Each structure stands twice: as structure tokens, then as C-alpha cells.
Amino acid sequence: MGMAGAVLNRPGAVRAFKVLVAFMAFLPLAILLSRLVGSGLGPDPGQQITESLGIAAFQLLLATLALTPLKRWTGWVGWLRVRRMLGLFTFFYAVLHLLAFLQFILGWGDVWATFTKRPYIIAGFLAFVLLIPLAVTSTNSMMRRLGRRWKTLHRSVYVIVLLAWVHFFWQARSDIGEMLAYGVVVLVLLAVRVRWSRLLRAGRRGAPSA
Amino acid sequence: MLIKNSPAWALPENDVTPEAIYLNRRSFMVSALAASAGVALPGLLEAASVPGKELPSMSRPEMSTSEKLTPYEDVVRYNNFYEFGTGKDDPARYAGEMSVSPWTVKVDGACGRPGTYNLEDLLQPSQYEERIYRLRCVEAWSMVIPWIGVPLAGLLKRFEPASSARYVYFETLHDPEQMRGQRSVFSTIDWPYREGLRIDEAMNELAFLAVGLYGRELPNQNGAPLRLVVPWKYGFKSIKSIVRIRFQEERPKTTWELIAPQEYGFYANVNPEVDHPRWSQKRERRLPSGLLSPNWRETVKFNGYGEQVSHLYKGMDLEKFY
């Protein structure tokens, strides 16, 4: 990677990058709070907050999933150093989104009926439930304890991103442009992984057997 | 960074509180009413720098709710008008790109006086009424809005509907040049926006054609220059910026029914007993809804106008005809 690579691979650079990413991950919340104080949320602030938190969670999930491809394409390890943090930020926003929905949209009424009857809610809630074990097992000691199973468990994130997208898409009313754009990002992120696993298997088959 | 857009209708927050002045005007009107045989004079709203021409009108308290009005700023900046985008603030931002003068309305179908009419020829400002109606959106929020306009029935009768005219069909302006939402490639709406009423619904005394709100001409984002207001139905029935009225025998297909018939029906009467497939209709958030005081209230069948309209649906299964 030459000079730039040498600079980027210094521990200080990776640390600075982590701080920058953490700062950016807090931005959606900071913007919401500033709009709340400035009453820029309009006459239905609960709806706005719930939507914004959901979109933040979804965008952070996509960002988390983009890190491994970025590492492979650029070779820079810094990307992987922020993966756990972004994953946990995803969970953080998902928790806030769910709470906002319960508090501002449902008002804690009709909870059971809503979470059993409405398909888009079920998809979103499933995605949230599946995030819980990933957040719980995100520590180093859990990684050590689970060993190889850790990786298998964390592959459920591919199901989660599909569920999250379906949750989002099913809320479209008439203009699906935004939902489709996100769908393309999801597809690209999943497609590169399918390709890698194919390459890996082909490589194994092609290699002389021991 | 916090970016604040200030479109033409926006007021500096410290400027005026239009609804307060407006409310003054209302009490002023009550006293004027006794003095001047029911015709209110253009009053104190002049003090407010609210855009739009002032429209004198006769107040119709017996057709009005006395509930607290939704503030003017919320009525004009929180809109569903997909012709200008699907965001709630898109209409306020972009509806200024539409020109509403001159405006013509094409009237055709089963009636004695079809033709293309200039808007001024259709309206007699001396007959403007003011009615304060509840507006219940299918998305489970609601507002209380003082409309100015004319009863729909009176206008429709002038076109001499034939006895075969069992339905009235309405169409919104279709002009992608002026309506950026219509330029979107990903919209599933087959423009123009279409709506319709059964003729007896249209002739009901509550059905109203609005040309103004809060004592002034309609802002574009609220459906200028002419929009329907049918307060016992979900808001999407109250079609905006009308350019066409047609009398017909068969039931028209309406826009939301065409997009998602399992979610939106032709009747679309406000009904807490029939849920939208994606959410409950039992309650609504009366706007403005605060964070600490969400302002929830129980939704009432026919939006509380059952006394005037429930007879229209006698014997009908409203679960089936939602």
C-alpha cells in the first residue's frame, strides 16, 4: 500500500478512525435531539423519531455488512476494527426504534395483536430478536467460548438484513424508489459473499487433496 | 448541520400566532353575526402576515365542531399530497411550483350542462361558508381545520346531473412539469389522482368543496384552488386541486383502490372497527401530538358524523365495503 498504507496502518490511525466512526454513528441521534430541541420535528414528532431511528438502525446494519468487503477490496485492516462497534450501534438504534414504536405509535396498546397480526411488524421484530444473541455474544470472551460456532451464529446477520429490508419495503405506500435503492445495496452485500464462498469451495476442490 | 427551509408561507416563529388572532376573529364574528344578518366582515386576521387572499364567509356553527383547532402552521406544513412527493413536508416545499390561476374544471358525463368552466364562474364568493371539520387520515392521525368553501351538492346541481348519474368522479391536475412527484419513475400511482363518491354521498350536506382555510385562500399544498372535503371519510377521499368532475353510472375506480384494493376501499369511511391490514384504526393521534403528551384519542365511527351520514350505509356490511 506504499506510504499511505504505512500511515494508515499505524495504531494511532486506526484509533482515530474508530473515534471518527463512533462520532458518525452517534450523528443520527444527535440530529434527532437537535431537531427535537428546535421543534423541527413537526406536529407528529413521535412518528418522525420512530422512522428516523429505524432508518438509522438499517443504515448502520448495512455499514456493518460493508466492512468485510471493504477490507477485502482495500486490504486495510482498519475496517474490521470498527465492525463490532457498528454492530452494537445497530443494536442500540434498533432498541430505541422498537421503544419509540411502542411508546409513540402504539402507546403500549394493542401490543400483542400488533406483533402477531401485522406482517411488516413481525418481520421487523424478528430481525430485532435475532440481533439480541449477536449483541450478547459480541465480547471477546464469548468469541473464545463459542469458537467455531461463533461464526456460524453470526451468519444470521444475513437473515436479519433481509428481514429488515422486508420490514422497510412492506411499509412503502406508493413510491418504492428509496426501498429499491436500499434493496440494491442489500443484494450487492449478499452477492459478494455468495461469490466468495463459491470461490472458496472451487479453490478447495481444485487444491491437491492431502 | 441543522438546515431550516423557510418557504413562502412560513412565518418567523416570533411573528404572529395566526390561530390566536384567528380565534379572536371568530369571537369578533360572533358579535358581528348578530349585527349584520349572518355575514362576517373581514376582521382581525388582516393584522397577521399570513399569505393568501382573505376570504369573507358565513360561519356555519351548526356544521362545525367546537374542538380545538389544529394550528395553522401544522395544517399547512404537514400534508399528504403525493403529486409533490411522499414526505409530509414535501408539499409545503414544492407545491409553490404549481400555478393555480387561471384554473378550469372540466365537467362531463351524465349531466345537462357539461363543459369546461373557469373556476371564477363556478364560485360565488358571496356564498362562501366556513365550516370547522375534523379530518381523519387513514394513517391514524387527525386534525381540526376551519375550511372555507361551498356545499358540494349546490355546485353539482348546477350541472343538472341525469338520473343515470349514480356516481361522481373527480380528478386532480396531472402536470409533471409543475408536480414533481408525478415525475418519479418509482411511483406506483397511475396519475392523475382519482376519487369518487356515490351521488347520495356527494349530495349529503356535509360534503364540501373548499377554496380556503383559516379565513384565507387555500395554500397550494392544501389542494388549491379547489378541493373536496368529506369529513366522515379518510383524508385521501378529499381530493385536491380538482380539474375534472364527471357524472357516471358505474362506480369509478379510485387511486388508492387501484394501488392496494386489500387496504383501501371505495367507501373509506372512518371506522374504528375495521383495521387497515398494516395498522389499527381504533385510535388516532390528534395533531399536534407532543412527545410527552401524545394526544391519543379513540377514533369514532364516521369520524363522529354518524348522525348525518350513517343512513347512507344502512344495511351495508361495512367490513366488506371498507
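**Two chains, term by term**

Trp108(A) sits in the loop between helix 5 (83-106) and helix 6 (111-117) of chain A; helices (H or I, at least four residues) and strands (E, at least two) are DSSP runs, numbered from the N terminus. This is a predicted model: local features need pLDDT of at least 70, side-chain atom pairs count only at pLDDT 80 or more, and totals for chains, interfaces and linings use all residues. Residues are numbered from 1 along each chain as its sequence is written, while chains are lettered from A and ligands numbered from 1 in the order in which they are written.

Q: Why is Trp108(A) called exposed?
A: Trp108(A) has 7 other C-beta atoms within 10 Å.

Q: What makes Tyr214(B) buried?
A: Tyr214(B) has 29 other C-beta atoms within 10 Å, so it is buried. Tyr214(B) lies in the loop between strand 8 (208-213) and strand 9 of chain B. Its phi, near 50 degrees, is positive in a residue other than glycine.

Q: Why are helix 7 and helix 10 of chain A called roughly antiparallel?
A: The axes of helix 7 (residues 119-136) and helix 10 (residues 157-169) of chain A come within 8 Å and cross at roughly 155 degrees. Angles over 145 count as roughly antiparallel, under 35 as roughly parallel, 65 to 115 as roughly perpendicular and the rest as oblique. Helix 7 of chain A is therefore roughly antiparallel to helix 10 of chain A. Their crossing is left-handed.

Terms used:
Axes fitted to C-alpha atoms, helices over the stretch in contact; angles between N-to-C directions. Left-handed = near helix turned anticlockwise from the far one by under 90°. Buried ≥ 20, exposed ≤ 12 C-beta atoms within 10 Å, placed from the backbone.
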